[in-house]
Amino acid sequence: MIGTLAKVGAIPAVMLTLMADRIGRKPLFLAAILGFSASALLAALAQNAAMLATGLFFTRLFTMVDELLAVVRLAEAAPARARTWMLGLLALLGASGDGVALVAYGTFADQPDAWRWMYAAGAVPALLSNIWRLALPESAVFVATSRAKQADPFALIRTHRRPVILIGIAYFLFWLPISPALSCNFQYLQSVAKWEPNQVALVSFAAGLIGLAGTFLGGRLADRFGRKPVGLTATLICVLGLSGVYSSSQSGLVGASLSIGYMAWFAASVALCATMSELIPTKARATVAGTSEIGVSSGAIVSGSLVAFRIPVLGALATLSSP
């Protein structure tokens, strides 16, 4: 339930992201890095569930702001013919961070307060923010368009309400089954399948490493065959792959299913990001990207709440979390 409450932090992130179309991408991007670092320290120092939930809430908020702005900045800088591939590269770098965290978790999970030290590591980006402030330029496309008067963000949403609604629905339906399947697999493998933490970390890391191919494969296929067919096909494969994780406790089958699920998840995510960035003009891109996050968070919150409330009743995490 704490994990579900933390996901709610993505909703106010939408309001912060709206500011990027008025004040620029760079200042908001750097401010969110500092906010994330402070929130991670709060989670690391948590003395009770409420304090932990608060730290995770704000960690999610600031992380989402930077994720959305990273997609917007890259979409504005990348040439159209390679945009999806470069968004896949961005996803690859993010997933590499997940891989490092998995290795650390598998190595130190049995140590006292290991999870606190992992959250405390979230303060490291704050030390680098001054370097990024000097090295990271403002989006050239934003600078060019900002010479004209910036429109009110809510006026931009009304103007582009059709793509906003359609993208929001697409994200909601995508994350409704996917979110609990992704977030509960570690807990399932440890509590139900009785795996050791190092086993979970090893198989998850290997599956994630294989799954990273989905960022390149999905990007290339989407650039060649179109965003829509690749996104739809990858979503179906993702659901089938993640369902397999909860149908067996054998490491080989779980690893194969998780690899397929991750690969398709990365491919579908890249196709969705490219679709969103290309449907919207530059002056409204950050606004619409932030608004679409409502669909992502709503799907994750609804599905996470259903799982959290039904576990005490049915007591079957494997059934509840499977797409």
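Select Ser39 and then the residues around it: leaving out those up to four places away in sequence, Ser39 touches Gly55, Phe58, Thr59 and Phe62, where contact means heavy atoms within 4.5 Å. Ser39 belongs to helix α4 (residues 25-44), helices being DSSP runs of H or I with at least four residues, numbered from the N terminus. Ser39 counts as buried because its relative accessibility is 5%; buried means under 20% relative accessible area, exposed over 50%, and partly exposed in between, with a 1.4 Å probe and protein chains only.

The model on screen is predicted, so local features need pLDDT of at least 70 and side-chain atom pairs count only at pLDDT 80 or more, whereas totals for chains, interfaces and linings use all residues. Residues are numbered from 1 along each chain as its sequence is written, and side-chain values use heavy atoms, with hydrogens and water left out.

Next, select Tyr171, Trp175, Ile178 and Trp265, which have the most contacts inside the largest nonpolar core, a set of 41 residues. Such a core consists of buried Ala, Val, Leu, Ile, Met, Phe, Trp, Tyr and Cys residues joined through side-chain atoms within 4.5 Å. Among the elements that give two or more residues to this core are α5 (49-77), α11 (161-183), α15 (227-245) and α16 (251-279), and the largest share, 13 residues, comes from α16. Centre the view on Ile178, which, leaving aside its neighbours within four places in sequence, is in contact with Cys238, Val239, Leu242 and Trp265. Apart from this core lies another, of 15 residues, among them Ala13, Phe29, Phe62 and Met64.

For the surface, select Leu127 in helix α8 (residues 124-135), which counts as exposed because its relative accessibility is 69%.

Finish at Glu196, in the loop between α12 and α13, which counts as partly exposed because its relative accessibility is 46%.
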